[in-house]
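Please look over the model shown here before reading on.

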Amino acid sequence: MPSNASERITPAPGRTPLAATIGNALKIVIVGGFGVGKTTMVGAVREMRPLSTEEVMTQAGAEVDDLRGVRDKRTTTAAFDFGRITVDATRVLYLFGAPGQKRFWFLWEQLFIGSLGAVVLVDTTRVEDSWYAIDRLEHHGTPFIVAVNRFGPGPDLERVRGALDLSDDVPLLECDARRRESGRDVLITLVHHLASMERARSALKETP
């Protein structure tokens with residue numbers, strides 16, 4: 001994937017039809033802890049009406065889910081969220097937002113199948129909620145970047161990198177999942193990262 005293709009990601013409001021010239025679909029997964037902003041990001045950057053499995057939380061769920069830090073949350077993703085962004089005339093990104101509660105983690109294995117890469121969303125007040133997501137992505141060998149969804153003041157990025165034990169080659173940036181431009185920048189960073197990894201693999205193959 002050419003590195004400059006990512007600058008052409010231009011999400012548009014409304015119900016944009018898929019171009020007839022599209023021939024390459026790229027699957028991206030957005031993962032992270034419960035209530036970190038995955039559904040919000042998919043909804044903010046999509047160019048079509050997003051498919052969402054948001055359901056009203058019940059008292060029964062409160063007995064199972066860890067509501068620490070998200071006491072005001074009233075809905076939850078029961079399966080996955082889905083959105084779409086056109087990269088250029090021939091390529092499109094399909095976004096899958098994974099559910100955050102432990103009881104739905106079994107769905108992640110299916111969502112990772114065929115994915116090109118992933119975004120791990122992090123809330124700095126609950127950094128440990130992202131450990132499982134990173135562990136599973138590393139287990140599957142899925143390239144990923146980490147985006148800190150800022151809910152307020154918190155530790156700087158270097159402290160977050162240390163808390164997550166991220167290697168220096170994993171991109172780490174801040175974002176606001178509510179803003180289309182911010183979500184777009186996260187996806188551009190991921191596309192750049194994937195392109196860089198592909199160039200590195202190609203260079204290794206060409207080395208005598």
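Predicted model: local features only at pLDDT ≥ 70, side-chain atom pairs only at ≥ 80, totals over all residues.

Residues are numbered from 1 along each chain as its sequence is written, and side-chain values use heavy atoms, with hydrogens and water left out.

Colleague: At what angle do helix 1 and helix 6 pack?

Modeller: Helices here are DSSP runs of H or I with at least four residues, and strands are runs of E with at least two, numbered from the N terminus. Axes are lines fitted to C-alpha atoms, for helices over the stretch in contact, and angles run from 0 to 180 degrees between N-to-C directions. The axes of helix 1 (residues 38-45) and helix 6 (residues 180-206) lie 8 Å apart, and the angle is about 100°. Because 65 to 115 degrees counts as roughly perpendicular (under 35 roughly parallel, over 145 roughly antiparallel, the rest oblique), helix 1 is to helix 6 roughly perpendicular.

Colleague: Is serine 115 buried or exposed?

Modeller: Serine 115 sits in the loop between helix 3 (108-112) and strand 6 (117-122). Buried means under 20% relative accessible area, exposed over 50%, and partly exposed in between, with a 1.4 Å probe and protein chains only. Serine 115 has 15% relative accessibility, so it counts as buried.

Colleague: Which value does phi of aspartate 165 take?

Modeller: Aspartate 165 belongs to the loop between helix 5 (157-164) and strand 8 (172-175). At 68% relative accessibility, this aspartate 165 counts as exposed. Its phi is positive, in a residue other than glycine, and is near 55°.
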